[in-house]
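I opened the notebook to record what I looked up in this structure. The entries follow in the order in which I made them.

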Amino acid sequence: MKKIAVLTSGGDAPGMNAAIRSVVRKALFEGLEVSGVFNGYQGLIEGKIEQFQLGSVGDIIQRGGTILRSARCPEFMTEDGRAKAMEQIKLHAIEGLVVIGGDGSFKGANELVKLGVPCACVPATIDNDITGTEFTIGFDTALNTVVDVIDKIRDTATSHERSFIVEVMGRDAGDLALWAGLGGGAESIILPEKPFNVDAIVNRLKSSTSRGKKHSIIVLAEGMMSATQLAEILKKEAGIETRVSILGHMQRGGSPSARDRVIASQYGARAVETLLSGKKSSAVGMRNHKVVDYNLEEVFTKREKLDLSLVDLAETLSI
């Protein structure tokens with residue numbers, strides 16, 4: 001193998017730049033040529049490919065977002081779109097591809113694998129919802145962002161003696177809500193992985209009030225429902241007034257945490273190593289605190305269950 005390329009796809013996540021840096025510098029260290037593909041799979045189709053040198057990734061380890069940028073690409077999901085991408089891969093003599101992103105990005109890589117392109121995938125999503133790895137790039141930074149916001153909201157909630165609903169990202173995964181709720185001392189955490197019980201939430205809020213507690217924080221994963229919907233349910237079912245904070249895309253931004261920089265560096269280097277070892281279809285990640293690689297197909301199996309014992313712990317500690 002003489003030349004590889006790297007692209008980022010899907011939603012951005014803090015630490016993507018650190019992963020790009022790692023891929024490029026590891027590849028150059030190993031004597032490979034390496035190119036960056038701009039704008040994800042759309043850029044691959046359009047040939048937005050540029051050869052990188054050491055300086056191309058200088059001073060980016062601390063930056064959020066992705067210097068390669070990202071774009072949704074419905075065209076790539078068609079045979080014609082993938083055929084155009086293959087033309088560019090052959091034109092630029094790319095022999096292996098590192099894809100940094102989430103589940104959708106991995107599915108795109110899997111389509112290229114079927115066409116004979118060796119791919120190594122690096123999990124980068126704040127949702128932390130990639131099967132096969134305990135942690136994805138961006139999750140830790142987003143988690144710290146959310147906990148910081150909860151701390152600030154708690155100050156206001158205490159001052160005004162109010163209950164707040166904090167809606168966080170997560171789509172169908174409750175990892176961010178669960179960890180942020182526990183880390184932020186929330187009274188209730190609502191997740192897609194656990195049945196919604198409005199009576200239990202109401203009882204917890206009333207119990208807190210009866211013992212003199214002046215405020216409550218409810219952390220809600222967006223995949224369950226919107227914070228506005230939950231506020232309406234609590235008002236209708238129990239006459240409880242709440243305030244709503246929807247954090248939105250601020251959770252994706254910001255300088256990556258030290259942990260995200262480290263695992264991004266580890267994942268990126270391991271991705272290059274898997275390509276050099278001759279593996280045609282791989283994903284990298286972390287298991288039992290060690291960086292591993294595994295077959296890409298494993299990503300598309302059923303996701304591991306969330307550790308709901310953390311919900312029980314959060315409820316115990318917030319009595």
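Is R154 buried or exposed? I found R154 buried, with a relative accessible area of 17%; buried means under 20% relative accessible area, exposed over 50%, and partly exposed in between (1.4 Å probe, protein chains only).

I noted the basis of the entries. This is a predicted model, in which local features need pLDDT of at least 70, side-chain atom pairs count only at pLDDT 80 or more, and totals for chains, interfaces and linings use all residues. Residues are numbered from 1 along each chain as its sequence is written, and side-chain values use heavy atoms, with hydrogens and water left out.

Entry on R154. I placed R154 in helix α5; helices (H or I, at least four residues) and strands (E, at least two) are DSSP runs, numbered from the N terminus. Leaving aside neighbours within four places in sequence, I listed G184, G185, A186, E187, H215 and I217 in contact with R154, where contact means heavy atoms within 4.5 Å.

Entry on α6. I looked up helix α6 (residues 175-183) and found D175, L176, A177, L178, A180 and G181 buried. These buried residues pack against α5 (139-160), β6 (163-168), β7 (188-190), β8 (216-221) and α10 (309-317). After α6 comes G185, with a positive phi near 70°.

I located D103 in helix α4 (residues 103-114). D103 is partly exposed, at a relative accessible area of 24%. Not counting residues up to four places away in sequence, D103 touches I130, V299 and F300.
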